[in-house]
Amino acid sequence: MDPILLARIQFAANISFHILFPTITIALGWVLLFLKLRFDKTGDAAWMDAYKFWVKVFALSFALGVVSGVTMSFQFGTNWPGFMERVGNIAGPLLAYEVLTAFFLEASFLAVMLFGYGRVPNRIHTLATLLVAGGTSASAFWIIVLNSWMHTPVGYEIRDGVVHATDWMAIIFNPSMPYRLAHMMLASGLTVSFLMAGLSAWRWLRGDHSPGVVRALKTGVVLGAILIPIQMFAGDAHGLNTLKHQPQKIAAMEGIWHTERGPGLVLFAVPDAATQTNKYEIKIPLLGSLILTHSLDGEVKGISEFGDNHPPVAPVFYAFRIMVGVGVLMLLVSWWGVWTIRKRGITPWLARVLVGMTFSGWVATLAGWYVTEIGRQPWLVTGILRTGEAAGPVAATTILGSLIMYLALYAALLLAYILTLMHLARRPAAHEPEKLGGPDTLKPVPAE
Amino acid sequence: MDTLPPGAWLPITFAVLMAVAMLLYAVLDGFDLGVGILLRATEDEPTRDRMVASIGPFWDANETWLVLGVGLLLVAFPAAHGLILTALYIPVALMLMGLILRGVAFEFRAKAPAPQKPRWDMVFQGGSIIAAFSQGWMLGSYILGFAEGWLAFGFAMLTGVFTVSAYALIGACWLVWRGEGALQLLAAQWARRALYISWAGVLVVSATTPIVSPRIFERWFSLPELLGLAPIPLATGGLFLLLHIFLRRFPRVDNSLDWVPFAATAAIFVLCFQGLAYSFWPYVVPEKLTIFAAASAPESLKIILVGALAVLPMIGLYTFFIWRIFGGKARELRYY
């Protein structure tokens, strides 16, 4: 088997598994801060009940995010040594800043956030929640900066085949960074709002109608209803930015094989790379042009213009439709949810639909990242480094072995994660806090 | 090493930073992993809970030193990073699996249904052992300059076992410091057992490095260097003796010196690390690549250094704060 393909599958598996958890923790940190501040202000125990439940979800997700993230930092070296050799002068400082400004901060104050309640003054506990939320967002910022630079590299020069930084402000605020950052932060917010609504709805359906559960459900639905239109706007802006800098990706997303003036919007099709055509195409005339160029007769470049420098069409095309489809579903469900709750309160049907949407954010986020990352191929860093050039000398059989190990591990952990979430959700909202261990029979320690 | 290349201060600074991060990792996550290795040495579930509670607030930040260490290798010495990590592909993959298992077991053993808890304890211990063993494997392989063949492999396996024992030692000493009552007595017992294996490990590694590398032999066993270096092995030996005596006379009447074994073990880690660093300087890949040849462009190193100098004191400050909050004898940890 091809070692490069195996290394790509391994990295894709790793990063797909990893992104599930930061997608939750980035926004959940801020939601926890919101719950905590509401509690501090109102003294209403329902807010704290919600906090206590969701901080456990945070802890679990955070642990999975950390361990899978550590794995990735090593895989740069084990599988893609060419990446750091060519662009290490740019990627290195950005990654270093992530570790220095974010990782230590969140890892340290997470302990106070999880175990500090009762040991430190309430205000310090709220501050720790703020610092953890800030840390996860800072981490997201730096990694999005690096990823965006890989899509739209600027502020560098190449000397002796190695990339050197010339303008750090340009590198950090590279053309696609603000759009990607906004898109990802909103995606995280949506993932958390549907997770909160879905898991709370599941508890509600099981008969737990306690205020903490209802509060979390409503918070989730309302947050989703607010964020989804903003996300659609941000996604559109990101698309226009991509059209400007990576037109081949847009061509693949829209299934446009040949340059067209005033193209339609392809709702569904089966792209066929061999004949460079779409089969079974369903399309709305002129709408594609309206969305992409904001005019009825704008020109959109087709795949055939780009020679070999274009991504495979089918995966990008399908992933894009999955992402948009889930987004539309989110809009319908959250708005219907807000309307229903205002009219009639929580109903069993609403709760069932919300349970069905629990992990919808994961689906959309993964699909979105597949669009943008596969859409960058064959480049690892646009115009600078091809993916194949970055691969290391490790034998295919070795990679296959580690790949199988990772896949088995990730499948098992994902299952354990979801089962544990369900187990946590089965317990009533207000109950004895569980300890990091179980019941404590050792000699009691007097409080300080 | 008579004349340094111009601009050498940058690679040297980064080599020192990286070494400090790795050393801090070995000491800090060393005791976490050590506690994990020892977790199932007791059948008693509450004792296990207390053991986990003693490291619960720290392990995450401790593991971050590994990310910083390998991150600095990655950003400051990209060429070496590629060489080292591809040469160590299998132990790295194993270590990551171990760290993943250990890290998630923290959360799962507390949150999964009670009947599954013993299973997560096994995952916790297994992950800790795998991670420690593969780190030792990497160390052995690194010492031999990534040599291949059965002998080199055997040596790496041996350093793997020694590392498990060294981590068990520092983990047990941590529990002597942070534990009480029955747990503390158990920990002292575990520490004694791990002590002798670790002692043997240090001797074997110290004997092997000069044998396999004439350059390292030259560096240690020529005059006057030998006299200047003698304090390193002497102090290490003295600390082992101190541990031996202290642990044999345990328990003491009062708890005021419970921290001594941990501090002594940490000091042994520092001395061993210093010995290794002296042996391999200025190579980042033994006998192949020096830190000067492997270093990134100065403009990139400088911008990282600015950030590191600004942020590291803050990291130190809040790490101190966290250690204060969770200082003293380990108490049970409650979520929220």
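How many helices and strands make up the secondary structure of chain B? Before the count, a reminder that this is a predicted model. Chain B comes to 14 helices and two strands.

On overall dimensions, the C-alpha trace of chain B spans about 60 × 40 × 40 Å along its principal axes. The radius of gyration of chain B is 20 Å, and a compact globule with 336 residues would have a value near 20 Å, so the two agree.

Next, burial and surface. In chain B, 59% of the 336 residues count as buried. The accessible surface of this chain is about 13,200 Å², and carbon and sulfur atoms account for 72% of that. As for charge, chain B carries 22 positive and 20 negative charges, and their mean positions lie 6 Å apart.

Contacts in chain B: take those between residues at least 6 apart in sequence, and 79% of them join residues at least 24 apart.

Now the nonpolar cores. The largest has 201 residues, and the members with the most contacts inside it are Trp54(A), Phe83(A), Tyr417(A) and Phe77(B). Helix H3 of chain A, residues 81-115, gives the most to this core, with 20 residues.

Take Phe83(A) from that list. Leaving out residues up to four places away in sequence, Phe83(A) touches Phe76(A), Gly88(A), Ala91(A), Met150(A), Leu380(A), Val381(A), Leu385(A) and Ala390(A).

Terms used: Residues numbered from 1 in each chain as written. Chains lettered and ligands numbered in written order. Predicted model: local features only at pLDDT ≥ 70, side-chain atom pairs only at ≥ 80, totals over all residues. Heavy atoms only, no water. Helix = DSSP H or I, 4+ residues; strand = E, 2+ residues; numbered from the N terminus. Rg over C-alpha atoms; globule rule 2.2 N^0.38 Å. Buried < 20%, exposed > 50% of the residue type's maximum accessible area, 1.4 Å probe, protein only. Contact = heavy atoms within 4.5 Å. Areas by Shrake-Rupley, 256 points an atom, 1.4 Å probe, with all protein chains shown as cover. Lys, Arg positive; Asp, Glu negative; His and termini not counted. Charge placed at Lys NZ, Arg CZ, Asp CG, Glu CD. Core = buried A, V, L, I, M, F, W, Y, C linked by side-chain atoms within 4.5 Å.
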